[in-house]
Amino acid sequence: MKTAATVKKNRSRRSLSNTDRFTLTAFVGIPTLLQIILLWVPAVVTIILSFTYWNGVRLKDIQWAGIQNYKNIFVNNPLFYQALKNNGTWLAFFVLIATPLGILLAYQIDRGIKGHAFYESIYYLPVVLSLAVIGIIWNFMLQPGGFVQGLMGLDIGNAISIWGNPKINTWVILGVASWRHIGYIMLLYLSGLKSVDPALKEAAAIDGATEWQIFRKIIFPTMQPVNIIIVVITLIESLRAFDLVYIIYGSPTIFPLLNLLVFQNFAGQGISMKGAAYAVILLVLCIVPIITYLRINFKEDLK
Amino acid sequence: MSEEKNVVSRRSVLKGAAIGGAALATGSALSAESASAATRLKGSTVKWTTRGGGATGDKIAKAVNDAFTKKTGAKVVAQQVNSDDFQNNFAQILQGSPDDAFGWMAGYRSNHFGELGLLADLTREIGHLKSTLPTAAIKGSTSPVTKKPYILPTTYYPWALHYRKSMVKDLGMNPESINNWDDFVKLMTLTQKKGLVGYSLGAKGGWEAMGTFDILNARVNGYKYHIDLLNGRAKWTDARTKETFKYFAQLIPFMNTNFMDISWDGMRDLLLQKKTGAMMMGSWFANDFKAKSQADYDDLWVVPFPQINPKFGRDTIDAPLDGISVAANGKNVSGGKALAEFWASPEGITEAVKAGDTNIYVSKSFDTSSYDAFNKQKLAVLASASNIMFFLDRDARGDFAGPVVGPAIQSFLQKPSDINKILENVQAQWDALPKN
């Protein structure tokens, strides 16, 4: 028995002209095909390869490894847990500090505080730079023999250990990464705020709502689409962090991150499918929270 | 190297035999080809990659390649690439459309790719050069598995103890006689008393400290044990390995505290600025001393790492061997081989040196009479050792040296008391490697 909904759907599909149908197929089909070929096929191949031993050269050398690569990572490799911790700290720092700061800045600038154009350009500036360039800049500033150490009158021999000091390097790196992330979030949020109808705010203010109440009850909910983008971006930026740290250290061992470990096992002389296993772990860590989050949100929207 | 041959697995012997058979089959085709090689070479294009080296590297490449063109009539198209990028993407480059010939490194780095069929077999070319090459260099260029050379050896340099003669003299010591562990410790202690760094070390990249580990292990346990350890025939958890780390731990109090923040260039600067007593490093940085001033260069000195265990004396040295390899998938393999042979030949070497190459060549034809005191000392240091190691990341497999040993040494330097746990972990990771 057909429900009213499916009948309606069938009818609307039937009403598509041939040109419409062609356009739809082309616009949806071609990107989907490219997505499948360039993204999903390699992803599936990587997942399969993560269960093998292979040096990446001759197909006939592939040997079945079962879960050995994963076992090796989970049981033997201390770098993995350091990487997990570092990625986790990165995520927590971004979620709890950097992203809220970006939102706060956007809100203040949108309110038109004194000198807002100045602040806007100051915070926006690092967003134009790639993280690799940011890495070069800050490495030059803080490394032994670098600018800051030089200002402090420290030569290479007695320069303060910053990048190599496990007590502080996490916070310095997160500070540098936030330098860009805050501006990025600010920019995204600001563009969202511009589209919020000022009449809503005025109406709430007339009804006697406080500043915080207006933000919490009116602006934040109307900004839902931007919020979703920001949450997803924060998650992905934290988990896929790579370039900044790679530029500063050149190796993944002092401040390991999952992506650095993927790279280390894929590049260079010793190609090993442990790299594929790291990539799969990273994929799961990225995809599971994002899909869960999006599903919850879309369900709410449907309601 | 010879020990490796004894422990070749049955499977790899079979594999070697199979490849050898295939090579024999193609070998007959090659000799037919060699007759017409000269005519075929004329007018063909050979592609060459210079690995780093900046303007000097380009100048040297141009000089040698031009001489090759003049001799054979083959055109050479050269490019320079970033050395690290080239290394990191080497497997992909060789499987794509590689240049025909390029500068490369001996040891695991060429053997591995040769055994996989990505680097051309250079048996014939090394045969032509036989009279000019020392046996050790030929042995060092030959894969212990397939018994074939995949690189034509050209240059090498010592990893040894460097210091400034003037600083050692100021301590009241003789810079020519830092021979044993006690001399070495005295040098470091006295330097440190002056408020300077006794022994400078960089560990930021994860590979720099491998040089110190290599030489300590060779001094404490001998060459054979070291090579056995790197190839899985000795255990990282062995008491002998731990003994090596005991000596390593003795060095830590003399080190700069920011070793995790600096790399080789930081170490060089420490010595350049007279901030450190001694350091273990490859001699390549000497050119930077010369660039600063002749006085700095004249003050620089290099000696073999001091003796620890009298049984082994100072018989071993890390001396990474570089050379020319030919891509098996290149467009012009025979042209690549001819060019590689030219680079490694006395003619090619003469051109390179004329163009400003300061490297030490292994070739017997290489003229060292015009050498300055430092370079003569480098030669003496190399000649004093009877066993040549290639450096840890060339003596051990690539999926082990960088990803496992490097970080293990870094953790040890940060927390030496954890050494037992660290070594157990290294052994566990070795055991988990796929065995071919």
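Reader: Hi! Is α2(A) mostly tucked away or out in the open, and how many of its 32 residues are buried?
Author: It lies largely in the open, because one of the 32 residues of α2(A) is buried. Buried means that 20 or more other C-beta atoms, placed from the backbone, lie within 10 Å of the residue's own. Helices here are DSSP runs of H or I with at least four residues, numbered from the N terminus. By the way, this is a predicted model, where local features need pLDDT of at least 70, side-chain atom pairs count only at pLDDT 80 or more, and totals for chains, interfaces and linings use all residues. Residues are numbered from 1 along each chain as its sequence is written, with chains lettered from A and ligands numbered from 1 in the order in which they are written.

Reader: Thanks! Where does α2(A) bend?
Author: At Ile36(A), by about 35°. That is the angle between axes fitted to the seven residues ending there and the seven starting there.

Reader: What about the domains of chain B?
Author: An automatic or database domain assignment gives domain 1 (2–155 + 321–365) and domain 2 (159–318 + 390–431). Their C-alpha centres lie 31 Å apart. The contact takes 11 residues from domain 1 of chain B and 12 residues from domain 2 of chain B.

Definitions and conventions
Helices (H or I, at least four residues) and strands (E, at least two) are DSSP runs, numbered from the N terminus. A residue is buried if 20 or more other C-beta atoms lie within 10 Å of its own, exposed if 12 or fewer, and partly exposed in between; C-beta atoms are placed from the backbone. Two residues are in contact if their C-beta atoms, placed from the backbone, lie within 7 Å.
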